[in-house]
Amino acid sequence: MKARLLSLLLLVTGVSLLAVANLGALEKHPVLANGTEGNGGSDRPSLSQDGRYLAFQSSSNNLGGNASFRDIYLVDRMSNTIDLITLDTNGEATDGFSNSPTISGNGSKIVFSSSATDLVAGDGNASTDVFLYDVVTEEISRVSVDKDGNDGDDDSFSITISRNGSWVAFTSRATDMVDGDSEGFSDVFMEGNGVRTRVTETATGVGGDGVSGSQAFSTNGEVLVFLSRARNLVPGTLSWDKVIVYDRLSDSFELASVDSNKVVADADCQCPAVSGDGSIVAFYSAATNLVSGDTKGFNDIFVRDRTSGETERISVNPGGEGANGDSFSPRISEDGRHVAFYSSASDLVPNDNNNQPDLFIYDRHLKAIFRASASDAGIGGNGAASLFLDFSGDASTSRLQPMHRILFFRMATIIEISLWEIILS
Ligand SMILES: [Ca+2]
Ligand SMILES: [Ca+2]
Ligand SMILES: [Ca+2]
Ligand SMILES: [Ca+2]
C-alpha cells in the first residue's frame, strides 16, 4: 500500500479545534532514502527529546546491513538515514531477537533486550539480556551482567533509560544481580553513577514477596513507577498487580493504584506510565472501585495526580460514561498534558465505525479525547493501531517541528505494519 498522508480529524464536540492539534503532514517509517519500505513489521517506537532520533524494532530484512530475526534500528529524521544497530561483534547478523528499545533524550544511548548471544563477547548464558548501545562509539555493552561482571543466571528484560540518560532500570529473574536476592521473584533493578541497586526491596533489604516489573522513569530518573505483586513494599496492600511509585531521593514507595481516598484498587492494574516530573501516573485496570459508576466491566485508563491526590478515569465517552470496550496501555507526554492510549471501544469519539481498536489521545487541559488513528476523512485505519507508542519531549524543544510535539505509533493495515507520526500543538 502506498504511503498515505493522514492527519487528525477532530471530532471533539464543543472544543476549539485550533487548541487541540495542528494538522501537519505525517511521516511513515521505516522508508529508505530510495523509497523502499521495510518488508517486516515495525513496532516499539522510542523518540529522542527533540524528535530527531527514532529507535524501533523491526522484522524487516531489506533496510540495509545484516538483518537478523528482529533488530533495533535508529532513524535520524534530519539526515534521513537508517542504521541497524544490533550487529554481532564481527558486524554480521546476530543469532537472536532484539526487542523494545528506549532512546535517551539526546539520542546518544539506546537500551534494549535481546536473546542474541553474539552482541557482545562472553555472553555464555542462554538467557535474554539487556544491553546499552552508545550511538557515538557504536559500542554495545551488556547491562545485565551479574554482580561480579559475569553471566546472569536467568533472564533480564524490560530495560528503560531515563530521558536525561543518567539512569537505567530493568527487570530480572536472575538471583545474582545483587547480593542476597533469595526470594525467588523477579525484581526491578536500577543503575546510575556506576552503582546498581535493587529497587524492589524493603527498608531492611528484604526482597519483594511477589514479582515486580514494567517500570517507567521520570525525566531525571528520580521517580520510577513499576508493577508489583509484592505485599511487603507498601503496607496494607493486596497480592495482585499494583502500581507503585519509587522516589529515589527519599528512598520511599507510594501506592498509585488507589482511588482519590487512597482506597486500593480491587483488581490488577497494568502498564504504568509517568510524566516527566513524576507527578502524574497513568495505568489501566478492570478495577471497579477507583471511580464511582464504573459498572461496565471493561478495562479503563486511570490517571492519578500525586500532587492533588485525585484519581480520574479518562476512557469516558462524550456522555460522561465509561467507554463500551477495553482500553489499554496509556503513555503520558513529558509535561503530563497528553495521555495516549489504545482502545477497542467505539464510543470514545463520534463516528468510530471501523470495527478496529484505535489510538486515542486525551488532552488533560481541554478534558477532551480525539482519535489519532484516523484519516483526513475521519475514517479509521483498516487494521489495529498499536499498543506501543512514544511522544517526543515537550513542545518548544522539537527542532524539526518547532512548538509542536510529535507522537509515533504503529499502524497496521491489511498488508503492512509501520510507524506513523502525528503532531500535537
Ligand atoms: Ca544472554
Ligand atoms: Ca529476585
Ligand atoms: Ca471499568
Ligand atoms: Ca475503532
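Visitor: Which residue takes a positive phi in the hairpin of β24 and β25?
Guide: This is a predicted model, where local features need pLDDT of at least 70, side-chain atom pairs count only at pLDDT 80 or more, and totals for chains, interfaces and linings use all residues. Residues are numbered from 1 along each chain as its sequence is written, while chains are lettered from A and ligands numbered from 1 in the order in which they are written. Strands are DSSP runs of E, at least two residues, and helices are runs of H or I, at least four residues, each numbered from the N terminus. The hairpin has four residues between its strands, and the residue with a positive phi, near 55 degrees, is K367.

Visitor: How many strands does the chain have?
Guide: The chain holds 425 residues, of which 52% count as buried. Its secondary structure includes one helix. The strands number 28.

Visitor: Is E138 buried or exposed?
Guide: E138 sits in the loop between β8 (129–134) and β9 (139–142). Its phi is positive, near 60 degrees, and it is not a glycine. Most residues other than glycine have a negative phi. Because 11 other C-beta atoms lie within 10 Å, E138 is exposed.

Visitor: How many other C-beta atoms lie within 10 Å of D251?
Guide: D251 is in the loop between β16 (242–247) and β17 (252–255). This residue also has a positive phi, about 50 degrees, without being a glycine. D251 is exposed, and its count within 10 Å is 10.

Visitor: What is the average twist from one strand to the next in the sheet β6-β7-β8-β9?
Guide: These four strands form an open sheet with antiparallel pairing. The edge strands, β6 (98–103) and β9, each pair on one side only. For angles, axes are lines fitted to C-alpha atoms (for helices, over the stretch in contact), and values run from 0 to 180 degrees between N-to-C directions. From one strand to the next, the twist averages 25 degrees.

Visitor: Which residue in β9 is the bridge partner of F131?
Guide: β8 and β9 run antiparallel, joined by four bridges. The partner of F131 in β9 is R142.

Visitor: Which residue in β5 stands opposite Y73?
Guide: Another open antiparallel sheet has the order β2-β3-β4-β5. Its edge strands are β2 (42–47) and β5 (81–84). Strand β4 (residues 71–76) pairs with β5 over four bridges, antiparallel. Opposite Y73 stands L84.

Visitor: Which residues is D241 in contact with, leaving aside its neighbours within four places in sequence?
Guide: D241 lies in the loop between β15 (223–228) and β16. It counts as buried because 24 C-beta neighbours fall inside 10 Å. Contact means C-beta atoms, placed from the backbone, within 7 Å. Beyond those neighbours, the contacts of D241 are L227, R229, D268, C269 and Q270.

Terms used. A residue is buried if 20 or more other C-beta atoms lie within 10 Å of its own, exposed if 12 or fewer, and partly exposed in between; C-beta atoms are placed from the backbone. Two strands pair if DSSP finds at least two bridges between them. Two residues are in contact if their C-beta atoms, placed from the backbone, lie within 7 Å.
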